[in-house]
Amino acid sequence: MAGIPIHCSAVSVVIIRETSHGHHVLLLRRNHTLVGEWCQIAGGIEDGETAWQTAMREVKEETRLVCQQLYSADICEQFYEADRNAISMLPVFVGFVDAGADVTINEEHSEFRWVSFTEALTMVPFAGQRKVLRHVEAEFVQRSPSNHLRIQTP
């Protein structure tokens, strides 16, 4: 029976900070894959890692930020990759960081910006990313997230 494989080998993380000017989301401009595009943090799951551990590691590697709170976003980012003839599904996490936390990007990115959700929607290239951002704003900014989604990190 023919079909399309579904791969779940990476995660996506939306980083939020709250300032006196409202909530802002962190976008990074890519250097390697999707060169020049603005994206949230994403990365592959390594052997022995849980998805949430991957999220924490990728945030630290790509930005040197530490999430004060980490949540499951209760949504997956999904897209078809023609070169692999596969559907990729990435569980999405939401990380909250201190308003004054310093971002130091790694070589995977050329620049970063803290932007409003409205601006972020105009910057990201894919409909799936916009869907995730709208969901995160609705469920984590416009309302308090369910405590059941919070991940107790050590």
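Arg 64 is exposed, with a relative accessibility of 61% (exposed means over 50% relative accessible area, buried under 20%, and partly exposed in between, for a 1.4 Å probe and protein chains only). Arg 64 sits in the loop that links α1 to β6 (69-81), where helices are DSSP runs of H or I with at least four residues and strands are runs of E with at least two, numbered from the N terminus. The phi angle of Arg 64 is near 65°, a positive value in a residue other than glycine. Most residues other than glycine have a negative phi. The model is predicted, so that local features require pLDDT of at least 70 and side-chain atom pairs count only at pLDDT 80 or more, whereas totals for chains, interfaces and linings use all residues. Residues are numbered from 1 along each chain as its sequence is written, and side-chain values use heavy atoms, with hydrogens and water left out.

A positive phi is also found at Asn 85, near 45°. Asn 85 belongs to the loop between β6 and β7 (86-97) and is partly exposed, at 35% relative accessibility.

Glu 58, a residue of helix α1 (residues 51-63), is buried at 6% relative accessibility. Its side chain forms a polar contact of 3.0 Å with the side chain of Arg 57; such a contact is a pair of N or O atoms within 3.5 Å, in which, within protein, one must be able to donate a hydrogen and the other to accept it, and residues adjacent in sequence count only if both atoms are side-chain atoms. Leaving aside residues up to four places away in sequence, Glu 58 touches Ile 41, Ala 42, Gly 43, Gly 44 and Thr 63, a contact being heavy atoms within 4.5 Å.

Gln 152 lies in the segment after β9 (150-151) and is exposed, at 63% relative accessibility. Between Gln 152 and Tyr 80 there are 72 residues in sequence and 32 Å in space, C-alpha to C-alpha.

The chain as a whole contains three helices and nine strands, in the order β-β-β-β-β-α-β-β-β-α-α-β. Its radius of gyration is 15 Å, close to the 15 Å given by the globule rule for 154 residues, so the chain is as compact as a globular protein of that length; the radius is taken over C-alpha atoms, and the rule is 2.2 Å times the number of residues to the power 0.38. Buried residues account for 38% of the 154 residues. Of the contacts between residues at least 6 apart in sequence, 68% join residues at least 24 apart.
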